[in-house]
Amino acid sequence: MSTVLTTDPAPAEALRDSRKTTCCIVGGGPGGMMLGLLLARQRVPVTLLEQHKDFDRDFRGDTIHPSTLEILDQIGLAEPLHQLRHAKIYGPTLRVANSSFSPIDFRRLKTRFPYILLVPQVKFLDFLAAEASKYPDFRLLMGANVEQLVEEDGQVRGVRYLANDGMHEVRAEVTVAADGRFSRLRHLAGFEALQTSAPMDILWFRLPHVPGDLPEAEGRVLGGFARGRMLAVFDRFDYWQVGYVFPKGHYQELRAAGLEALRNSIVEVEPRLAEQVKALTDWHQFSLLSVESSRCPRWFKPGLLLIGDAAHVMSPVGGVGINYAIQDAVETANILSAPLRSGKVGVSDLAKVQAARERPTRIIQAMQSAVQSRVLAAALGSQTTPRIPWTARAFFKIPILRDIPARILAFGITRVRLRDAAN
Ligand SMILES: Cc1cc2nc3c(=O)[nH]c(=O)nc-3n(C[C@H](O)[C@H](O)[C@H](O)COP(=O)(O)OP(=O)(O)OC[C@H]3O[C@@H](n4cnc5c(N)ncnc54)[C@H](O)[C@@H]3O)c2cc1C
């Protein structure tokens with residue numbers, strides 16, 4: 001029996017066409033694009049459906065971790081990636097109470113890439129798409145909004161997507177939901193994520209570069225705390241991208257205090273933005289983001305696998321979400337390439353992906369929760385500027401200990417490698 005699961009109560013539109021592929025990936029974020037590239041390299045026919053017409057969106061992080069760089073290096077793409085305009089972070093510096101604190105130094109790690117590479121994510125995704133498109137087995141459809149899941153006899157057989165010209169179908173041996181934190185496929189498949197709410201929200205906005213801006217040598221990422229507020233600032237070369245972190249549920253209070261108070265608060269954390277904040281003149285310049293994290297108890301059912309934020313929404317603490325989505329993609333390619341090529345993917349193969357990635361995800365989410373509840377909640381709940389406790393400063397002076405958080409940030413809990421990179 002064939003069933004079409006849809007979020008739209010209206011009757012399904014007439015289908016314009018139905019095509020076959022081996023793996024249908026829904027979502028062209030870092031997880032989906034990396035999986036598409038790796039499977040296409042392995043001669044697995046892939047169709048990737050992305051709802052937007054391009055990759056140029058605001059709500060993206062720009063971090064490419066040493067772990068991802070090592071994987072790209074395995075397939076000869078690290079060097080070409082470095083040809084894109086980029087910046088390197090060898091260790092973030094926090095400004096707290098007019099002093100700076102640099103807890104992490106990636107240069108101490110044993111890797112060819114002891115830094116986080118900052119590339120605007122739109123460029124990174126364009127890069128992956130261009131590389132994947134060199135393989136004849138890769139098909140990328142932009143502007144393809146997946147609305148329905150096709151199920152037959154309890155097995156997911158593909159999806160239906162809406163494009164400019166109407167509804168289309170893609171049938172596949174396996175469908176991978178890489179459609180991010182608000183995953184529609186997760187919802188259609190009936191999976192419920194266990195939610196943990198972080199104690200903060202974020203205002204996300206841009207600031208212009210101004211003459212006399214920070215010289216490049218001073219780094220392209222700024223951050224710090226002051227009086228219940230936290231700031232994370234990335235240089236996207238054409239502008240500064242800013243995340244202003246404040247206690248959850250305090251948005252109305254922030255608005256009532258007015259723009260002048262907000263500008264002052266930003267400058268209090270980062271005095272070097274005094275000129276730039278003058279550009280903030282209207283609340284329409286800000287987007288309010290609710291910070292959440294969650295994890296699905298189950299990431300698969302026959303014919304369907306969830307990866308990346310679709311399986312586990314990562315809190316922004318530590319900026320590891322992109323790395324985790326990419327590591328999920330690499331393990332998926334490691335485990336599924338051969339079964340996909342043979343055209344026989346069992347539920348047990350899909351289960352192996354969750355088994356490989358669930359533990360590292362649980363551990364990192366537990367760490368993020370601990371930082372959120374012990375460090376961030378205290379800092380955001382305080383009306384005074386927090387000081388870095390001497391215990392923390394002492395911890396980060398002991399070489400063996402200080403390398404642990406650096407290693408976790410750089411590689412995640414397990415160092416994921418591509419198994420058959422030579423193919
Ligand atoms: C404001 C913000 C800043 C962040 N900063 C960082 C950071 O600095 N470092 C870091 O590591 N992480 C950061 N994160 C987290 C990170 O962005 C995510 O963890 C990561 O993008 C997850 O990758 P993904 O491929 O699973 O999903 P996503 O990147 O969310 O990609 C999902 C894709 O699926 C597409 N899609 C969704 N629905 C459909 C549909 N129905 N049909 C077709 N396509 C669909 C979307 O358009 C999107 O392109 C940040 C998150 C936010 C919100």
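Author: Two strands pair if DSSP finds at least two bridges between them. Helices (H or I, at least four residues) and strands (E, at least two) are DSSP runs, numbered from the N terminus. The model is predicted: local features need pLDDT of at least 70, side-chain atom pairs count only at pLDDT 80 or more, and totals for chains, interfaces and linings use all residues. Residues are numbered from 1 along each chain as its sequence is written, and side-chain values use heavy atoms, with hydrogens and water left out.

Reader: In which sense do S15 and S16 pair, and over how many bridges?

Author: Strand S15 (residues 229–235) pairs with S16 in the antiparallel sense, over six bridges. Within this pairing, Val-233 stands opposite Val-242 in S16. The two strands form a hairpin with three residues between them. In the turn, Phe-237 has a positive phi of about 70°.

Reader: How many residues of strand S16 are buried?

Author: Buried means under 20% relative accessible area, exposed over 50%, and partly exposed in between (1.4 Å probe, protein chains only). Nine of the nine residues of strand S16 (residues 239–247) are buried, so the strand is largely enclosed by the rest of the structure.

Reader: In what order do the strands of the open sheet with S4, S8 and S5 stand?

Author: In a regular strand the side chains alternate between the two faces of the sheet. Here, three strands form an open sheet in the order S4-S8-S5, with antiparallel pairing. Strand S4 (63–64) and strand S5 (87–89) are at the edges with a single partner strand each, so one side of each has no neighbour in the sheet. S4 is joined to strand S8 (residues 116–118) by two bridges, and Thr-63 has Leu-118 of S8 as its bridge partner.

Reader: Which residues of helix H2 are buried?

Author: An α-helix has 3.6 residues a turn, so residues three or four places apart point the same way. Helix H2 (residues 66–74) is mostly covered, with seven of its nine residues buried. These are Pro-66, Ser-67, Thr-68, Leu-69, Glu-70, Ile-71 and Leu-72. After H2 comes Gly-76, with a positive phi near 75°.

Reader: How many disulfides are there?

Author: A disulfide is a covalent bond between the sulfur atoms of two cysteines. The rule applied is a pair of cysteine sulfur atoms within 2.5 Å, and by this rule the count is zero. Cys-24 is in no disulfide: the nearest cysteine sulfur, that of Cys-23, is 7.2 Å away. Cys-24 counts as buried, at 0% relative accessibility, and Cys-296 is buried with a relative accessible area of 0%.

Reader: How many aromatic pairs does a search of the whole structure find?

Author: Rings of Phe, Tyr and Trp (its six-membered ring) pair if their centres lie within 6.5 Å; planes under 30 degrees apart count as stacked, over 60 as edge-to-face and the rest as tilted. The search finds six aromatic pairs. In one of them, the rings of Tyr-251 and Trp-283 have centres 6.4 Å apart and planes at 90°, so the pair is edge-to-face. This pair links distant parts of the chain, 32 residues apart: Tyr-251 is in helix H6 (residues 251–257), and Trp-283 is in the loop between helix H7 (259–269) and strand S17 (287–295). Trp-283 and Phe-286 form a tilted pair, 5.3 Å centre to centre with 45° between the planes. Phe-205, Tyr-251, Trp-283 and Phe-286 form one aromatic cluster.
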